[in-house]
Amino acid sequence: MTDNNHQPIEKVSIVVSKGSLEGVYPGLIMANGARMEGIDASLFFTFFGLDAIIDKRMDKIKVATVGNPAMHIPTLLGAIPGMSSFATSKMKKEMETLDIPPVREFLEMIHDAGGDLYACKATVDMFHLTKKDFCPQVDDIISVGQFYEKAAGGQIIFT
Amino acid sequence: MVVATSPAMTLARDADGNLANRADWTKEIAVQLAMEEGITELTDRHWLVITYMKEQFEAKGDAPSIRKLTKESGVETKELYALFPKGPAKKAAKIAGLPKPKGCI
């Protein structure tokens with residue numbers, strides 16, 4: 001139940017700025033969860049977060065096993081070839097049992113649920129990408145200014 | 001002036017406004033609960049979702065995730081949001097006489 005003293009959240013704009021599995025999923029889960037609650041949601045992918053919507057890369061998002069103290073494995077072990085794939089496949093299995101879909105399916109779900117997906121123009125230009133490089137669910141490539149316009153009246157969440 | 005009250009209004013509710021006792025649920029009550037959520041008519045597609053949610057709850061003790069619901073009921077995400085606008089899992093659970101779903105997905 002909503003606290004009587006607070007206005008319920010009606011709209012969220014979520015920025016996904018990282019391209020690792022643990023960098024991408026929180027934003028997707030929050031966007032989907034928002035739609036489930038009837039909250040307007042949009043996702044803005046920027047920098048390496050763009051990997052989550054690049055058609056050729058979105059099925060290959062991996063867990064970072066290096067520079068990630070919460071993995072609880074020594075950095076040098078994390079750097080062994082195949083370690084990231086191994087950790088990713090283990091985590092994906094866990095997620096599947098919790099009914100958390102793969103990135104592509106998750107984005108389709110969010111899109112079909114009425115969530116909007118945007119790519120950041122500055123990053124798109126920097127990486128020399130075009131709309132064709134993205135999955136079909138991506139609504140548009142927008143500038144930071146347009147992002148703020150679209151986010152007006154809601155909460156912005158940076159992940 | 002006569003104020004029309006529905007029998008559903010007199011039933012015990014939990015903190016979320018869902019039925020406190022699942023045993024109170026009937027199809028007529030479901031229609032009234034749907035009205036409370038602004039759904040004026042329950043179509044066969046609504047019933048498909050409601051029945052599936054009830055079955056899943058009875059089997060698993062919690063409402064299914066939206067992903068499971070769409071895959072197994074045959075009602076796709078877009079249609080689900082059209083049938084139960086502003087929060088399908090939550091609304092379908094309420095109309096089915098179940099508590100609010102606990103899952104995040």
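Trainee: What should I know about the numbering and the model?
Mentor: Residues are numbered from 1 along each chain as its sequence is written, and chains are lettered from A in the order in which they are written. In this predicted model, local features need pLDDT of at least 70, side-chain atom pairs count only at pLDDT 80 or more, totals for chains, interfaces and linings use all residues, and side-chain values use heavy atoms, with hydrogens and water left out.

Trainee: How far does helix α3 of chain A reach from its first C-alpha to its last?
Mentor: Helices here are DSSP runs (H or I, at least four residues), numbered from the N terminus. Helix α3(A) covers residues 83-97, which is 15 residues. The expected span is 1.5 Å times one less than the number of residues.

Trainee: Which residues of α3(A) are buried?
Mentor: Buried means under 20% relative accessible area, exposed over 50% and partly exposed in between (1.4 Å probe, protein chains only). In α3(A), the buried residues are Ser84(A), Ala87(A), Thr88(A) and Met95(A).

Trainee: What do the buried residues of α3(A) pack against?
Mentor: Contact means heavy atoms within 4.5 Å. The partner is a helix of chain A, residues 21-36. Its name is α1.

Trainee: Is Thr70(B) buried or exposed?
Mentor: Thr70(B) sits in helix α3 of chain B, residues 66-73. Beyond its neighbours within four places in sequence, Thr70(B) is in contact with Val75(B), Glu76(B), Thr77(B) and Leu80(B). Its relative accessible area is 14%, so Thr70(B) is buried.

Trainee: How much area do chain A and chain B bury between them?
Mentor: Buried area is the accessible area (1.4 Å probe) that two parts lose on being put together, summed over both. The contact takes 19 residues from chain A and 19 residues from chain B. Carbon and sulfur atoms hold 53% of the buried area, and the total is about 1600 Å².

Trainee: How many salt bridges are there between chain A and chain B?
Mentor: A salt bridge needs a side-chain nitrogen of Lys or Arg within 4 Å of a carboxyl oxygen of Asp or Glu. Glu105(A) and Arg67(B) meet in one, at 2.8 Å, N to O. The count is six.

Methods
Helix = DSSP H or I, 4+ residues; strand = E, 2+ residues; numbered from the N terminus.
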